[in-house]
Amino acid sequence: MYKDLILDESHPLEDNTTWILDCGVMQINGKSREEISDAITTSLLYYRTKAGIDQFISGMNSIAGNLWDRVTDNPKTWKPVFVDYEMSMTMAQFDELYRFRFSEEGSNKRLEEDETAYCFEIFLQNCADNHISGQGHTLADILIFITGADAIPVLGFGKDIEVTFFDKEEGVRRYPVVSTCSLTMAIPRSWSDPDTFTTYMDEAITEGNGFFKV
């Protein structure tokens, strides 16, 4: 660390004059080591970046009627846009992200799909509870599995996640088919037991690796 170098009395300041000048400290005669160290910190953290920051602010204020001024007036509202931080996902938020594509009302397939949809919703609720308990997959894991994203984008996904259905094959265990590009997930019909469905989905997510985020 440069502070150790400057504050250590065993290192003559003259040996580092060129480096100190490059850091923006023009005068070292008559200054204490602490003052020189503080001046270097100010130069590196403020003056060296100020031109770029001023240009950024100017650019932001040139669009949408002084956009940066709106950001500074409402920092909490804009925080998710500029700061990457972990925020737990709620069941209500996830419910807004997806929709089922069902077969025709009254058909046998629709009856099977209704049961499977119920199992899926119970599974999602379990995942929401898992965030609190710290055990098992969470809603964020499901989002990664389906979309590749570990959080809801600030401007949303642009379209709903579409959950579709396919027929089970006798003697064949097929996991959900997911397309992160089209935001679709296909799951087999005929699930009626939520616990068994939860085990099935947990296996699918674990074995799918979730872009190595899960």
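How much accessible surface does the chain have, and what percentage of it belongs to carbon and sulfur atoms? The accessible surface comes to about 13600 Å², and 52% of this area belongs to carbon and sulfur atoms. The legends below refer to a predicted model.

**Figure 1. Overview of the chain, with its nine helices and four strands.** Read from the N terminus, the elements follow the order α-α-α-α-α-α-β-α-α-β-β-β-α. The chain has 214 residues, of which 33% are buried. Among contacts between residues at least 6 apart in sequence, 53% join residues that are at least 24 apart.

**Figure 2. The largest nonpolar core, a set of 30 residues.** Phe94, Leu124 and Phe197 are the members that touch the most other members of this core. At least two residues are supplied by each of α6 (91–95), β1, α7, α8, β2, β4 (184–188) and α9. Helix α7 gives the largest share, with seven residues.

**Figure 3. Close-up of Leu124 and its contacts.** When neighbours within four places in sequence are left aside, Leu124 is in contact with Met91, Phe94, Tyr98, Leu139 and Ile142. Of these partners, Phe94 is named with Leu124 among the core residues that touch the most other members.

**Figure 4. The salt bridge between Arg99 and Glu162.** Side chains of opposite charge can pair when their charged atoms come close. The structure holds ten salt bridges, and in this one the distance from N to O is 3.0 Å. The pair links distant parts of the chain, for Arg99 belongs to strand β1 (residues 98–100) and Glu162 to strand β2, 63 residues apart. Arg99 is partly exposed, because its relative accessible area of 40% lies between the limits of 20% and 50%. Glu162 has a relative accessibility of 11% and therefore counts as buried, since buried means under 20%.

**Figure 5. The salt bridge between Lys109 and Asp167.** Here the side chains meet at a distance of 3.9 Å, N to O. Lys109 is part of helix α7 (residues 108–133), whereas Asp167 lies in the loop between β2 and β3 (177–179), so the pair ties together parts that are 58 residues apart in sequence. Lys109 counts as partly exposed, at 39% relative accessibility. Asp167 is also partly exposed, with a relative accessible area of 41%.

**Figure 6. The salt bridge between Arg173 and Glu203.** The two side chains meet at 2.9 Å, N to O. Distant parts of the chain are linked by this pair: Arg173 is in the loop between β2 and β3, and Glu203 is in helix α9 (residues 194–208), 30 residues apart. Glu203 has a relative accessible area of 28% and is therefore partly exposed. Elsewhere, salt bridges that share partners join Lys109, Glu113, Asp167 and Arg189 into one network.

**Figure 7. A nonpolar patch on the surface.** The patch is formed by Phe56, Val81, Phe82, Val83, Val154 and Leu155, which together have about 590 Å² of accessible area. One of these residues, Leu155, lies in the loop between α8 (139–147) and β2 (161–166). Is Leu155 buried or exposed? Leu155 counts as exposed because its relative accessibility is 83%, and exposed means over 50%.

Note on methods:
Residues numbered from 1 in each chain as written. Predicted model: local features only at pLDDT ≥ 70, side-chain atom pairs only at ≥ 80, totals over all residues. Heavy atoms only, no water. Patch = residues over 30% accessible without salt bridge, like charges linked within 9 Å, V, L, I, M, F, W, Y side chains within 5 Å. Areas by Shrake-Rupley, 256 points an atom, 1.4 Å probe, with all protein chains shown as cover. Salt bridge = Lys/Arg side-chain N within 4 Å of Asp/Glu carboxyl O. Buried < 20%, exposed > 50% of the residue type's maximum accessible area, 1.4 Å probe, protein only. Core = buried A, V, L, I, M, F, W, Y, C linked by side-chain atoms within 4.5 Å. Contact = heavy atoms within 4.5 Å.
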